[in-house]
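Please open the structure in your viewer and keep the sequence beside it. The tour below moves from one selection to the next and says what is there.

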Amino acid sequence: MRSKKNNIFLGIDWVLVGFYFVLIFIGWLNIYAATLDEIDYDLINFSTEYGKQLVWIGLSIPLILLILMFDSKFYEKYSSIIYIISVASLIGLFLFGKNINGATSWYNLGIFSLQPSEFAKAACALAMAKLVSDKQFNLKKINTQVQAFSILLIPAIFITLQPDPGSALVYGAFIFVLYREGLPTYYITIGFVAIILFITTLYFGYLNVLIATLALFTLFIIYFYFFRKKVLKRGWLKLIGLYLIVALSTISIDFIFNHVFQQRHRDRFNILLGKTDDIKSIGYNTNQSVTTIASGGFSGKGFLQGERTQGDFVPEQQTDYIFSTIGEQWGFIGSSLVIILFVMFTLRIIYTAEKQKSKFSRVYGYSIAAIFFFHFAINIGMVIGILPTIGIPLPFFSYGGSALWGFTVLLFIFIRLNANRTYEW
Amino acid sequence: MKRTGLLAYLILIIGVIYIGRLFYLQVLDNSYKIPTLNNSAVKLKYEYPERGYVYDRNGELLVANQLSYDIMIIPREVKSIDTLELCSLLKISKEDYIKKFNRAKRYSTRIPSTFVAQLAKNDYAYLQEKMHKFKGFYIQKRSLREYLVNSAPNVLGYISEVNEDLIKKNPYYQLGELIGRSGVESTYEETLRGQKGVKYIQRDRFNKEIGPYKNGKYDTVAVPGNDITLTIDSKLQQYGEALIINKRGGIVAIEPSTGEILALVSSPTYNPNLMVGRNRSKNFTKLYLDTINKPLIDRGLQGMYPPGSPFKIITALTALQENVINTTTSVKCINGYRYGSRKGAFMKCHCGTHGSPVSLNKAIYRSCNSYFANAYRKVIEKYPTSEEGMNTWNKHVESFGLGNYLNNDLSVGRKGLIPDGDFYNRYYPSGRWTATYTISNSIGQGEILTTPIQLANMTAAVANRGYYFTPHIVKKINNEKINQQYTTPKYTSIDKKHFEPVIEGLFQVLENPRGTASWSRVKGIEICGKTGTAENPHGQDHSIFIAFAPKDNPKIAIAVFVENGYWGSRWAGPISSLMIEKYLTGKITKTWEEQRMFNGSLQEEYEKQLQEELIEVEK
């Protein structure tokens with residue numbers, strides 16, 4: 001397949017590789033701190049969680065080499081097949097899957113379990129890149145929009161059914177990709193307005209929102225009538241129509257929240273909006289993680305000195321709440337450094353993606369930047385108590401082999417695609 | 001903005017927001033940094049101060065403390081112990097152990113909870129030596145109540161473990177701690193309780209205690225509870241309980257010159273020591289489920305009954321104040337009072353005067369219904385509308401503390417009911433009601449409802465000739481004077497001069513051979529009283545009596561209520577006069593009457609009533 005390019009490291013972006021290893025290293029240290037048991041005091045014990053994670057990290061090296069060995073053309077050519085296999089693996093869960101913590105998201109492979117949804121993200125990004133790089137592709141057409149949305153909705157729906165709505169939410173990241181590639185702006189606008197309506201409806205009740213929006217519309221009309229000396233002619237109909245849409249969606253938000261959501265989902269939002277204040281049961285995790293982070297202070301308590309981390313006080317601290325370990329042990333300095341690292345890492349991916357000559361590579365790179373961003377923003381937002389509890393991992397930090405490998409695949413396919421850019425022409 | 005920039009800008013913005021939030025949490029906000037119980041690396045040790053003692057007005061110790069020992073458990077620290085040995089030490093079965101362990105684990109794996117509560121003293125001595133073998137268990141010393149008199153559980157109250165609802169409401173308490181539940185234990189909870197001390201102890205990763213956290217910066221010292229002196233006279237209280245035994249009802253005695261409650265008896269009652277120790281919850285359930293006798297209801301405070309004839313005192317005073325009658329006004333009584341032309345519009349009267357004119361004095365000591373119906377009607381009809389008349393009447397009545405909570409320091413109470421114009425406007429929506437519609441109010445029937453303590457307070461106000469002090473149960477806290485709200489007199493809307501003629505009538509109730517309670521007269525004591533017989537749809541009439549003595553410079557005002565006691569002078573009258581005599585002289589002259597009270601029982605009457613109710617239900 002490759003003649004003069006036997007060196008698989010040719011053209012590799014070492015900055016991204018560097019970010020990868022730094023993030024993984026910091027991540028593992030914190031898993032170590034979070035899962036270190038008092039009794040067992042061997043430095044490395046492979047039966048513990050930090051030990052297992054080390055094995056996963058070690059095994060990701062051959063995985064990386066394997067990814068780099070294939071030519072970038074391979075990923076482009078077989079992206080549809082990879083996508084189909086990936087969706088099939090999601091469907092297969094309903095037949096052969098293993099149920100852990102109420103979600104059938106795992107295949108039991110004897111000594112370890114795999115979570116196919118972590119790999120589906122890469123497959124979906126490849127498929128999306130393939131679709132967008134097609135010469136006929138035009139997002140102004142409804143047909144194309146339907147195609148694009150189906151690609152991300154199919155895996156998202158199967159993941160929701162597992163049920164693992166948190167992981168499915170990540171597919172929302174592709175909106176940014178599609179917008180970048182020409183999706184009409186009103187999709188973003190509608191999405192934005194929908195979020196605002198959702199939050200205000202929950203917070204103030206739908207009746208107040210209805211009244212407030214009505215007042216806003218009236219002010220708008222008055223403004224035009226008196227200050228612009230304009231009489232709205234056919235604009236009336238549009239305004240009334242718009243108001244009806246807003247009213248309808250507000251009422252349906254209220255309905256969905258109160259009748260479709262389960263109580264635990266409602267609780268998560270209510271806690272965040274300060275409507276219930278129960279730190280002992282439902283808000284326990286968030287309260288614990290926020291307290292743990294706050295207790296770190298400016299400079300932190302030091303490695304393995306976090307009393308709350310050592311006391312196992314934050315549930316799921318090594319997985320979804322790993323960031324609280326950083327907050328306690330390394331303080332404001334350490335935790336903001338991690339955020340800066342993530343910001344620089346994702347910006348670096350975007351920067352590299354924009355430099356791609358091949359549209360396929362660009363879209364793929366942009367997709368993974370958006371995915372990493374979503375994970376990072378939602379996870380840390382939850383841990384520091386400004387987003388509701390949504391269980392998705394923090395890339396490279398959270399304990400879990402599938403997630404680690406999933407993110408590794410995601411990143412290194414892009415590194416491979418990027419490497420080819422330098423000698424393709 | 002270019003499409004390519006959106007995601008990059010968003011990433012930057014989110015980064016800045018998150019760092020800002022971290023800065024707020026970790027640098028600016030200090031509220032998270034004080035150690036809490038949820039902090040597993042810092043162990044909290046509580047020091048519980050001794051709860052304050054309770055004395056009666058004469059300095060007799062009523063409630064003291066006994067030490068108790070709880071076995072506490074921290075589930076996550078329980079490691080490799082000999083459970084069988086522990087079970088046999090604690091005298092519990094293996095199933096019990098598992099059940100208790102799981103319950104503790106459900107509550108929290110790291111916060112201590114009670115495993116076995118209130119061990120006996122000798123068990124403790126034995127266990128203490130062995131406890132070190134059982135990691136995760138320790139003994140917590142607590143003080144329990146000890147009631148030195150078998151009396152007044154309704155006044156003293158009891159303490160019990162806080163429940164989870166309460167912990168949520170009041171963060172001072174932790175699971176397993178004790179709180180006052182009723183009586184003074186409840187109303188003076190914070191006074192008696194004191195303030196528990198907290199010690200923060202730093203632990204290392206192996207849960208070993210390595211010394212005070214931050215050199216004891218956050219530690220607090222326990223503040224001992226305060227002793228309380230009640231206004232109750234324990235001897236009188238116990239005497240009252242003995243007199244009313246086997247009868248349902250309440251006795252409230254007040255010192256008119258101070259508003260201090262001398263006795264607050266509710267019958268049937270129970271031994272306060274039932275509410276202490278390991279059997280507390282079993283005993284409580286038993287008392288709670290006794291829906292027939294309802295021993296947990298304080299009938300002196302919570303029993304709402306029509307006051308009956310004692311209310312005629314208020315009718316008379318109101319009429320005098322409103323100037324619609326004077327001391328010489330007489331009314332002819334024809335065995336009743338005709339208040340309308342309809343056939344049924346006739347209120348019967350048993351004063352036995354057979355048509356001769358009745359004066360105010362006689363009306364009181366013979367308890368003439370006609371006289372007071374007439375006086376009441378004149379008050380209401382003095383005003384252009386019935387509504388105004390009713391409101392004026394209401395204002396006078398409520399100035400005696402009736403129809404409202406007395407705002408006292410008792411843990412329970414009822415409002416009672418004194419109707420006003422509004423009330424009847426709602427009752428008769430046409431608005432066309434007149435004095436005769438509400439004529440039963442004149443004799444304390446109709447819509448009026450009062451509690452025994454309200455009646456006793458009303459009696460005190462009459463005894464004082466026009467004012468009262470809010471009745472209260474605590475005299476001194478740590479030998480310091482009580483709240484000023486109990487030492488400021490509250491004046492009624494009736495002028496002082498109107499009281500003398502009414503009190504003269506009340507005096508004749510016992511003194512005059514034809515008075516309704518002449519049997520209860522006590523030689524050498526000038527008692528003023530008023531009988532009451534309140535009609536009651538469920539069975540026999542209630543027996544009521546109010547009294548104060550001596551006539552001048554009264555020392556005691558009393559209200560007695562005996563459910564289904566036939567008529568006033570049968571039970572309530574004798575009980576009142578015996579209580580008064582006992583309190584004023586310390587002796588009893590009419591021992592045969594005392595014996596009649598000790599031995600008299602209304603249980604048969606209550607059973608009959610219950611049978612009837614059961615038959616009703618079956619129908």
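Predicted model: local features only at pLDDT ≥ 70, side-chain atom pairs only at ≥ 80, totals over all residues.

Residues are numbered from 1 along each chain as its sequence is written, and chains are lettered from A and ligands numbered from 1 in the order in which they are written.

Begin in chain A with the open sheet of 3 strands, whose order is β1-β2-β3 with antiparallel pairing; here helices (H or I, at least four residues) and strands (E, at least two) are DSSP runs numbered from the N terminus, and two strands pair if DSSP finds at least two bridges between them. Select β1 (98-100) and β3 (112-114) of chain A, the edge strands, each of which pairs on one side only.

Next, select Gln162(A) and Pro163(A), which are linked by a cis peptide bond with omega near -5 degrees; Pro163(A) lies in the loop between α6 (142-161) and α7 (165-169) of chain A.

In chain B, go to Ser267(B) and Pro268(B), also joined by a cis peptide bond, with omega about 0 degrees.

Finish at Ser367(B), which is not a glycine and yet has a positive phi of about 55 degrees, in the loop between α13 (360-365) and α14 (369-381) of chain B. Is Ser367(B) buried or exposed? Ser367(B) counts as buried because it has 27 C-beta neighbours inside 10 Å, where buried means that 20 or more other C-beta atoms, placed from the backbone, lie within 10 Å of the residue's own, exposed means 12 or fewer, and partly exposed lies in between. Compare Asn335(B), which has phi near 55 degrees and counts as partly exposed, with 15 such neighbours inside 10 Å.
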